[in-house]
Amino acid sequence: MATPGQWIAGARPRTLPNAVVPVMVGTGVAIGEGSFVWWRALVALLVALLLQIGVNYANDYSDGIRGTDDQRVGPMRLVGSRAAEPRQVLAAALGCFAAAAVLGLTLVLATRAWWILPVGAAAIAAAWFYTGGRSPYGYRALGEAAVFVFFGVVPVTGTTFVQTEQLSWAALVASIPVGLLSCSMLVVNNLRDVGTDGPSGKRTLAVVLGAERTRRLYAACLVVPLAIAVAMTPMAPLAALAVLAGPLAIVPVKTVLHGAVGPALIGVLQQTGKLQLAYGLLFTLGLALSL
């Protein structure tokens, strides 16, 4: 039976900035537009965290039963390492999705925006079919596109909407750098596993592009958000505060571009998460103070 520490590791804490940062930034836009509603922001954060943890457990389950995780370079997986029974991990994933759905429903009822229901259903479906089902899209090089949408565009604009009850152009623009930073986490993760994913039949974007182009894609996912923060200054002058997070990109970008492989990329994932959080905090502050 898996220990509590192994369950926590299986939830992949280093990926949680993917859930936290979009809600922060969406709330920053809402504050800037004068419509901050603290409890709705909190519920949106819980939904995002539950979806992130749920997709991590679902990925663990689906890859584990396929044997994709039998030869891993990165952190342990519950099913692949035989630490937990597949049915237990599946139950944990489904439990997270169910809890996210219930909490999300409270936001639908509060805003009476029923169109949120299919968006939420699509987010849960995207979380499951990333590696689940007969034809997972994560095995077809579409993972990064889904992450950009469901850990960038949807949570940023959605978090702003449930507080302001209006669709916001500022939130849509702000979601682009957030989505790219979320993608960077998946890009470096798949770069680390490119040597084992290909032979196991998992055709991630890194497998399709090859290692060298994937390294350049990772660098772009970190650098372009800094440029977008500057480009947003006519709309929100203090959005450029996010550039102060730029120095945190230097080490991981150099490490990746200089050819790091395997275990050397585990540290890059942690450094990317720190950059993502710092950027998110500064970007949120800038948007909140200057919109």
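Predicted model: local features only at pLDDT ≥ 70, side-chain atom pairs only at ≥ 80, totals over all residues.

## Salt bridges

A salt bridge is counted here when a side-chain nitrogen of Lys or Arg lies within 4 Å of a carboxyl oxygen of Asp or Glu. Residues under 20% relative accessible area count as buried. Asp193 is therefore buried, at 6%, and Arg192 is buried too, because its relative accessible area is 4%.

Lys202 and Asp63 form another salt bridge, and their closest N and O atoms are 3.0 Å apart. This pair links distant parts of the chain: Lys202 is in the loop between α8 (194–197) and α9 (205–209), whereas Asp63 is in helix α3, 139 residues apart. Both Lys202 and Asp63 are buried. A further salt bridge, between Arg215 and Glu212, has its closest N and O atoms 3.7 Å apart. Arg215 and Glu212 both belong to helix α10 and are three residues apart, about one turn of the helix. An α-helix has 3.6 residues a turn, so residues three or four places apart point the same way. Arg215 is buried, with a relative accessible area of 5%.

## Nonpolar cores

The largest nonpolar core contains 36 residues, and Val25, Tyr218, Tyr279, Phe283 and Leu287 have the most contacts inside it. Two or more residues of this core come from each of α2 (17–32), α7 (169–192), α10 (211–231), α11 (247–257) and α12 (264–290). The largest share, 10 residues, is from α7.

Beyond its neighbours within four places in sequence, Val25 is in contact with Val156, Ala174, Val178, Gly280, Phe283, Thr284 and Leu287. Another core, of 30 residues, lies apart from the largest one and includes Ala83, Ala113, Ile116 and Val162.

## Helix α5

Helix α5 has 14 residues (116–129) and should span 20 Å at 1.5 Å a residue; its end C-alpha atoms are 20 Å apart, which agrees. Which residues of α5 are buried? They are Ile116, Ala123, Ala126 and Ala127. These residues cover an arc of only 100 degrees around the axis, so they are on the same side of α5. The elements that cover the buried residues of α5 include α3 (38–66), α4 (86–111) and α6 (143–164).

Notes. Residues numbered from 1 in each chain as written. Heavy atoms only, no water. Helix = DSSP H or I, 4+ residues; strand = E, 2+ residues; numbered from the N terminus. Expected span 1.5 Å × (residues − 1). Buried < 20%, exposed > 50% of the residue type's maximum accessible area, 1.4 Å probe, protein only. Arc of directions from axis to C-beta. Contact = heavy atoms within 4.5 Å. Core = buried A, V, L, I, M, F, W, Y, C linked by side-chain atoms within 4.5 Å.
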